[in-house]
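This report goes through one protein structure, from the overall fold down to single residues. Please keep the sequence and the model at hand while reading.

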Amino acid sequence: MRKEQDEKGILLSRDYFHGLIQAEIDSGIPASRVVLGGFSQGGAISLFAGLTAKVKLSGIVALSSYVVLDSKFPSFVKENDHNHKTPILMCHGDEDPVVPTNFGKMSYEMLKSQGFDITFKLYPGMAHSACVEELDEVEAFLRARLPPEGDKKSEL
């Protein structure tokens, strides 16, 4: 999708995210209760780090994002393919001038064709931002991925 990508920087960011996941696990949070998510570049790194994580996560949210290192992506997934069936929510505005909508659509199509469990939502008239409908979708995704445990009330 993009010709010039900072592979070294992306891999450093992925490793940083993997460290954050491990810190949560070390503090007693099961990996099955961890969702990665972000907007724009944060969503792009969440996708990459989540789909190459060393543990099975609960979900991944990517808003106005795309898959980084797409030409090498399958080889990175082979190293740690624990999240092939992890639900992914991608959302994008159809008037995004920063991360072209087509990048989001192509990323969705690429992941779908590789058998990932992914949903793509497109928001008419939305630029590189968020809208209430999108945030409602994210909330519903998080509620489904992180239901209350036992007698605990929802954290959301």
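## Fold and order of elements

Helices and strands are taken here as DSSP runs, helices of at least four residues and strands of at least two, numbered from the N terminus. The model is predicted. On that basis the protein has five helices and four strands. Read from the N terminus, the order is α-β-α-β-α-β-α-β-α.

The radius of gyration of the protein is 15 Å, close to the 15 Å that the globule rule gives for 156 residues, so the protein is as compact as a globular protein of that length. Along the principal axes, the C-alpha trace spans about 45 × 35 × 25 Å.

## Burial, contacts and surface

How much of the protein is buried? Buried residues account for 46% of the 156 residues. Contacts can also be sorted by separation along the chain: among those between residues at least 6 apart in sequence, 76% join residues at least 24 apart.

The accessible surface of the protein is about 8,200 Å², and carbon and sulfur atoms contribute 54% of that surface. The protein carries 17 positive and 22 negative side chains. The centres of these two sets of charges lie 5 Å apart.

## Helix α2

Is helix α2 mostly covered or mostly uncovered? Helix α2, residues 41-51, is mostly covered, with nine of its eleven residues buried. The buried residues in α2 are Gly 43, Ala 44, Ile 45, Ser 46, Leu 47, Phe 48, Ala 49, Gly 50 and Leu 51.

Which elements do the buried residues of α2 pack against? Their partners are the helices α1, α3 (73-79) and α4 (101-113), together with the strands β1, β2 (59-63) and β3 (88-93).

## Salt bridges

The structure holds five salt bridges. One of them joins Asp 15 and Arg 14, with the closest N and O atoms 3.3 Å apart. Asp 15 has a relative accessibility of 41% and counts as partly exposed. Arg 14, at 11% relative accessibility, counts as buried.

Another salt bridge is formed by the side chains of Arg 143 and Glu 139, at 2.9 Å from N to O. The two residues are four apart in helix α5, so about one helical turn separates Arg 143 from Glu 139. In general, an α-helix has 3.6 residues a turn, so residues three or four places apart point the same way. Both partners are partly exposed: Arg 143 has a relative accessible area of 38%, and Glu 139 is at 36%.

Arg 33 is found in the loop between α1 and β1. Is Arg 33 buried or exposed? The cut-off for burial is under 20% relative accessible area. Arg 33 has a relative accessible area of 16%, so this residue is buried.

The side chain of Arg 33 meets that of Glu 149 in a salt bridge, 3.5 Å from N to O. This pair links distant parts of the chain: Glu 149 lies in the segment after α5 (132-145), Arg 33 in the loop between α1 (7-26) and β1 (35-39), and 116 residues separate them. Glu 149 counts as partly exposed, at 38% relative accessibility. Arg 33 also has a C-alpha separation of 7.0 Å from Leu 57, which is 24 residues away along the chain.

## The loop between β2 and α3

The loop between β2 and α3 includes Ser 64, and Leu 69 is also placed in the loop between β2 and α3.

As for cover, Ser 64 is buried, with a relative accessible area of 0%. Leu 69 is buried as well, with a relative accessible area of 6%.

Note on methods: Residues numbered from 1 in each chain as written. Predicted model: local features only at pLDDT ≥ 70, side-chain atom pairs only at ≥ 80, totals over all residues. Heavy atoms only, no water. Rg over C-alpha atoms; globule rule 2.2 N^0.38 Å. Buried < 20%, exposed > 50% of the residue type's maximum accessible area, 1.4 Å probe, protein only. Contact = heavy atoms within 4.5 Å. Areas by Shrake-Rupley, 256 points an atom, 1.4 Å probe, with all protein chains shown as cover. Lys, Arg positive; Asp, Glu negative; His and termini not counted. Charge placed at Lys NZ, Arg CZ, Asp CG, Glu CD. Salt bridge = Lys/Arg side-chain N within 4 Å of Asp/Glu carboxyl O.
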